[in-house]
Amino acid sequence: MENNVFEQLAKQYDTEERMELAKVIVKEVRPELGDSTSKSLIDYGGGTGLVSLELADLVDSILLVDSSKQMLEVAKAKASHKEITNSKVLYSDFTQETPELKADIVLMSLVLLHIPDTKNILQRLFNLLNHDGKLIIVDFDKNDKINHPKIHNGFSHEKLKKRLTEVGFKSTEIKTFYHGNCIFMNQDASMFISSSIK
Ligand SMILES: C[S@@+](CC[C@H](N)C(=O)[O-])C[C@H]1O[C@@H](n2cnc3c(N)ncnc32)[C@H](O)[C@@H]1O
């Protein structure tokens with residue numbers, strides 16, 4: 001985990017552009033949560049908390065999990081500054097080892113593209129969800145203009161839905177909700193939101 005590029009990036013992560021994109025994501029995710037004031041949420045790959053710290057008023061508790069300690073340090077400082085009292089952080093990489101945890105909702109915002117074995121992480125997140133739990137994924141649509149050895153160049157809705165069904169989710173809804181300029185490795189791209197029920 002020490003070689004994680006996000007360790008270097010953490011203190012400069014919250015640029016105007018990333019904050020703007022996070023606002024767009026927050027706006028799309030908030031209605032997905034509905035009445036969740038008694039529910040626990042894990043923000044997997046939560047980073048500096050740009051998305052989930054803006055959801056804290058909608059849920060009972062938030063656990064930001066990340067494989068970068070530095071990103072979590074920024075999130076912790078921000079939560080304290082914003083006087084958010086129902087969030088915690090956990091330094092962990094579930095692709096290596098998944099702790100005994102349970103949650104009602106798992107959110108993954110712009111994280112799946114960084115994880116080579118998508119089936120493995122989706123299976124692990126499925127396993128930790130409570131009965132009727134929800135997995136919300138926000139990521140980029142498949143984009144042939146992008147080619148990078150360490151990241152997926154987005155996802156096709158059809159293939160992702162198939163994968164989510166394979167790991168056990170009983171239903172999945174996916175839709176594209178935003179098109180932006182230079183938002184994915186400096187290329188124009190679109191983002192989808194996927195919502196699956198265990
Ligand atoms: C592009 S950032 C997104 C941060 C945040 N979710 C957001 O939308 O602002 C990706 C985050 O995923 C984390 N990450 C990447 N691979 C991970 C893994 N295998 N386990 C946990 N976190 C991971 C990185 O450290 C980074 O904080």
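This structure holds 11 salt bridges, and the model you are looking at is a predicted one.

- Look for the side chains of Lys 175 and Glu 28, which meet in a salt bridge with a distance of 3.3 Å from N to O.
- Lys 175 belongs to strand 6 (residues 171-184) and Glu 28 to helix 2 (residues 16-33), so this pair ties together parts that lie 147 residues apart in sequence.

**Where the ligand sits**
- You will find the ligand in the largest pocket.
- Around the ligand there are 21 residues, and the closest are Tyr 44, Gly 45, Asp 66, Asp 93 and Ser 109.
- Sorted by class, this shell is made up of 9 nonpolar, 10 polar and 2 charged residues.

- Asp 66 uses its side chain: one of its polar side-chain atoms is 2.6 Å from an oxygen atom of the ligand.
- Gly 45 takes part through its backbone, where a polar atom lies 2.9 Å from a nitrogen atom of the ligand.
- On its own the ligand has 600 Å² of accessible area, and the protein covers 93% of it.

Key
Residues are numbered from 1 along each chain as its sequence is written. This is a predicted model: local features need pLDDT of at least 70, side-chain atom pairs count only at pLDDT 80 or more; totals for chains, interfaces and linings use all residues. Side-chain values use heavy atoms; hydrogens and water are left out. A residue is near a molecule or strand if one of its heavy atoms lies within 4 Å of it. A polar contact is a pair of N or O atoms within 3.5 Å; within protein, one must be able to donate a hydrogen and the other to accept it, and residues adjacent in sequence count only if both atoms are side-chain atoms. Accessible areas come from the Shrake-Rupley method with a 1.4 Å probe; for residues, only the protein chains shown count as cover. On a 1 Å grid over the protein atoms alone, a cavity is a set of points where a 1.4 Å probe fits but cannot get out, and a pocket is an open set with protein on both sides within 12 Å along at least five of seven lines; lining residues have an atom within 4 Å of a point. A molecule sits in a cavity or pocket if more than half of its atoms lie within 2 Å of its grid points. Ala, Val, Leu, Ile, Met, Phe, Trp, Tyr, Cys and Pro count as nonpolar, Asp, Glu, Lys and Arg as charged, and the others, Gly among them, as polar. A salt bridge is a side-chain nitrogen of Lys or Arg within 4 Å of a carboxyl oxygen of Asp or Glu. Helices (H or I, at least four residues) and strands (E, at least two) are DSSP runs, numbered from the N terminus.
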